Amino acid sequence: MEKRVTPSLIARIEGLPIILVFLLLLALFMVLAPQVFLQPFIYTTFLSTLPPLILLAVGLTFIIGAGEIDLCFPAIIAFSGFVFAVLFKEHDLGWWAVAAGLASGLLVGLVNGILVAKIGLPSFMATLATQFFWAGMATVLSGGKSYALRGAETSPVWQWIVGRPFSGTDLPIWVQQIPLQSLWTAIIVIALWFILNRHRFGEHTLFIGDSNSVSRVLGIDVETEKIKLFTLMGGLAAVAAIMLTLENKNYFGNQGQGYLLTAIASVLIGGTSIFGGRATIVGTVFGCFIIGMIEAGLVATGLTGAWVRTIQGLVFLTAMIFYLYVDEPQRRAAFMARLTRFQRPGRPIDTEAKGGLRR
Amino acid sequence: MNNDEAFTAIVRLEGVQKFFGPVQALRDIDIAIGRNEIVGLIGDNGAGKSTLIKVMTGLLAPTAGRIFIRDREIDLADYSVRMAHDLAIETVYQDRSLAEKQPLWRNFFVGRQITNRFGFIDIRREKEIAENILRHAIGFRGAGITVDSTVANLSGGERQGIAIGRAMHYNADLIILDEPTVALAVKEVRKVLDFVRRIKESGRAAIYIEHNLAHVHQVADRMVVLDRGRIVAEVAPKDMSVTELTEYLIALQQDHAWKSA
C-alpha cells in the first residue's frame with residue numbers, strides 16, 4: 001500500500017515554524033539586550049513603525065499566493081503619499097486628502113491589474129515598468145520637494161489614523177504611546193485573513209496561483225480576479241503611505257524605497273510559496289516581526305547597523321531552505337536518506353519516481 | 001437538473017467553425033449528443049478533438065456556427081465555462097481538472113462554493129458534502145484519502161476518479177472526458193473505464209476523447225472520427241474491430257500523405 005502523507009503539526013497550525021523562530025529570536029534578544037527587550041518601549045515602537053510593512057506584506061501575500069509579483073508598491077507609497085500630502089498640507093482638505101490618496105493607490109493597482117490580466121504582460125515586467133513611471137510621476141509633480149506636515153497632530157485625520165488615544169491619561173507611559181495605526185492594521189489583517197482562508201476570493205487567489213489553466217477550466221474568472229488582486233495591493237500600499245506620512249509628519253519622495261525587498265522577504269520567510277498556490281497571512285505577519293526585530297535587536301545588542309542586512313539575509317536563506325524541505329516531501333526524503341543510508345541498507349527510497357509524479 | 005425536460009439532444013453543434021488566425025481548426029462541425037450514450041471522439045493529433053470540446057464547454061468561442069443545449073440555442077456571446085456548468089455540462093481533463101496544492105474539498109467546490117451572501121465559504125458544509133462524494137459516489141474507502149488530502153499526493157487514477165465523481169455530483173447530464181487515461185498504469189486505466197461506464201449506468205451522457213482506440217472501443221456506443229477539423233466518419237464498435245479501426249485511421253493519414261505528395 002502506498003504511504004500517505006498525513007498532515008503534521010507543522011501543517012496544522014498556520015505559520016508554526018515561523019512563530020517558533022520568532023520566539024527564539026525574541027528570547028535571544030532578551031538575553032543579549034535585556035535593557036531594551038525587557039522594557040515595553042521597544043514594543044510600542046514596533047507598533048508605530050511596523051504597520052506599513054505589515055500592510056504591504058499582507059497585500060503581497062495575496063499577490064505571491066496567486067503566483068504573481070508586484071514591484072510597484074514602493075512607487076505607490078511615493079505617489080499616493082504625495083497625493084495625500086499635497087492635498088492635506090497645501091489645500092487643507094483633511095479627510096478628502098485621505099480619500100484621494102487611497103483612490104490614487106487603488107487606481108495605480110487597477111492599472112497594474114489590467115496590464116497583467118488584460119494586456120497579458122508578466123507581472124514582473126508590468127510592475128517594474130509602472131514602478132518607474134509612478135515614482136517618476138511623484139518626483140515630477142512634487143518637484144523633488146518634501147512636505148513637512150508640522151502641526152498635523154492637532155488635526156482629526158492625524159488623531160484618528162496615527163493618534164495616541166491614551167496619551168495624556170494616568171496610564172503607564174508605554175500605554176500612552178500605543179498608536180492607533182496598530183489597531184487599524186490589526187483589523188485589516190484579520191479581515192484579510194478571513195478573506196484569504198474563508199472567502200471565495202481567497203480560494204480563487206490560491207487556485208490561480210496553483211494553475212491558471214486549471215482555474216479557467218473550473219470556471220474561475222482569472223482575469224477579473226487578478227485585476228482585483230492588484231487593486232487590493234494598490235489600496236493597501238496607499239493606506240501604508242498615508243500612515244507613514246502622518247507618522248513621520250513628513251512626506252519625501254524616497255519614503256517607499258526601503259520596503260520593496262523587506263516586504264517580499266517577510267512574505268517568503270513567513271512560508272508563502274514563491275511559486276503560488278499556498279499563502280499564509282499569519283506567517284507573513286511574523287515574518288514582518290522578525291525582519292523588524294532583527295533591525296532593532298542587532299543595534300540594541302551593540303552590533304552596528306551594518307550587520308542588519310547580513311543577518312536578515314542569513315535568516316531569509318535559512319527559511320527558504322527549511323521550506324524547500326518541508327514543502328517537498330520527496331526532497332526531504334532524499335535528504336533523510338542521505339543521512340540514514342548506512343544504518344538502513346536494503347530500504348532504498350525511490351525519490352525519483354515520486355518526484356516524477358509531480359508536474 | 002433538467003432531466004425531466006423533453007429534449008432530443010443534450011448538446012448539438014451546427015456548422016461550427018473555429019479559426020486560430022489563418023489556421024482553421026474546425027470545419028463545418030455538425031454533431032449531436034443524445035441522452036444516455038457514450039460518444040467516443042477519435043482522430044490523430046491536431047484533428048481538432050480538444051478544440052471541439054473547448055468550444056462545446058464554453059472555454060473557447062467558435063468563429064462561426066450555432067450551439068444548442070437541450071434543443072435551445074445558446075447566445076455565444078454569453079457562453080462560458082460557468083454557464084456550461086449551470087447547464088449541467090462538466091468536463092474532466094487529463095491534467096487540468098484539479099489544483100495540485102489545494103485540498104480535495106476545495107477542489108470539489110471551487111467556482112461554485114457554498115457561501116453566505118457575503119461570499120464567505122461554509123467550510124463545514126462543503127467538507128461534509130465532499131466527504132460524502134468521496135466515500136459514496138467515488139467509493140474511496142480506506143486508502144488514506146480524506147477531504148483534506150492534497151491533490152499532489154494522489155495517483156493519476158485517483159485524480160480522474162475524483163474529477164469524474166465531482167462531475168457526477170453536480171448532476172451533469174453530459175460529462176466530457178479529455179483523454180482521462182493518458183499516462184496511467186494499466187490497473188488505473190481499468191478504474192477510469194469503470195467510472196466511465198458508471199456515468200452511463202446513472203443515465204447520463206459522455207463524450208470520451210481518447211488516443212488509445214482499445215479503450216474507446218470498450219466503452220463507446222458510437223465513435224466519431226475527426227480528421228483535420230472535419231467529421232469524416234461515425235462508427236459503431238460492433239461494426240468495426242479495434243484492428244479495423246486502426247487500419248482505417250492509418251489509411252486516412254496515408255490519404256493525406258498521398259494528396260500532399
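# A tour of chain B

Select residues 222-227 of chain B: this is strand 9, and it pairs with strand 10 of chain B in the antiparallel sense over 5 bridges. Keep in mind that the model is predicted. Now pick B:Val224. Its bridge partner in strand 10 of chain B is B:Glu234.

**The sheet of 6 strands**

Widen the view to the sheet around this pair. In chain B it is an open sheet of 6 strands, in the order 6-7-8-3-9-10, with mixed pairing. Go to the edges, where strand 6 and strand 10 (230-235) of chain B stand. Each has a single partner strand, so one side of each is left without a neighbour in the sheet. Neighbouring strands of this sheet are turned by 20° against each other on average, direction ignored.

**Strand 6**

Show the side chains. In a regular strand they alternate between the two faces of the sheet. Here B:Ile89, B:Thr91 and B:Tyr93 point one way, while B:Glu90 and B:Val92 point the other way.

Strand 6 and strand 7 of chain B run parallel, joined by 5 bridges. Click B:Thr91 to find B:Ile176 opposite, in strand 7 of chain B.

**Helices on the sheet**

Move on to residues 186-201 of chain B, helix 6. Helix 6 has 16 residues and reaches 23 Å from its first C-alpha to its last, close to the 22 Å expected at 1.5 Å a residue. Helix 6 lies across strand 3, strand 7 and strand 8 of chain B, at about 150° to strand 8.

Which residues of helix 6 of chain B are buried? They are B:Val189, B:Lys191, B:Val192, B:Phe195, B:Val196 and B:Ile199. These residues cover an arc of only 160° around the axis, which puts them on the same side of helix 6 of chain B. Just after helix 6 of chain B, check B:Gly203, which takes a positive phi of about 85°.

**The sheet of 4 strands**

Now find the open sheet of 4 strands in chain B, with the order 2-1-4-5 and antiparallel pairing. At its edges stand strand 2 (23-34) and strand 5 (72-73) of chain B. Each has a single partner strand, so one side of each is left without a neighbour in the sheet. Select strand 1 (residues 9-20) of chain B: 8 bridges join it to strand 2 of chain B, and the two run antiparallel. B:Phe20 has B:Val23 of strand 2 as its bridge partner.

**The side that touches chain A**

Finish by showing chain A. 27 residues of chain B are in contact with 22 residues of chain A. Helix 2 (81-86) and strand 6 of chain B are the elements giving two or more residues to this side of chain B. Helix 2 of chain B gives the most, with 3 residues. Color by class: this side of chain B has 10 nonpolar, 10 polar and 7 charged residues.

Note on methods:
Residues are numbered from 1 along each chain as its sequence is written. Chains are lettered from A and ligands numbered from 1 in the order in which they are written. This is a predicted model: local features need pLDDT of at least 70, side-chain atom pairs count only at pLDDT 80 or more; totals for chains, interfaces and linings use all residues. Two strands pair if DSSP finds at least two bridges between them. The expected span of a helix is 1.5 Å times one less than its number of residues. A residue is buried if 20 or more other C-beta atoms lie within 10 Å of its own, exposed if 12 or fewer, and partly exposed in between; C-beta atoms are placed from the backbone. The arc is that of the directions from the helix axis to the C-beta atoms. Axes are lines fitted to C-alpha atoms, for helices over the stretch in contact, and angles run from 0 to 180 degrees between N-to-C directions. Two residues are in contact if their C-beta atoms, placed from the backbone, lie within 7 Å. Ala, Val, Leu, Ile, Met, Phe, Trp, Tyr, Cys and Pro count as nonpolar, Asp, Glu, Lys and Arg as charged, and the others, Gly among them, as polar.
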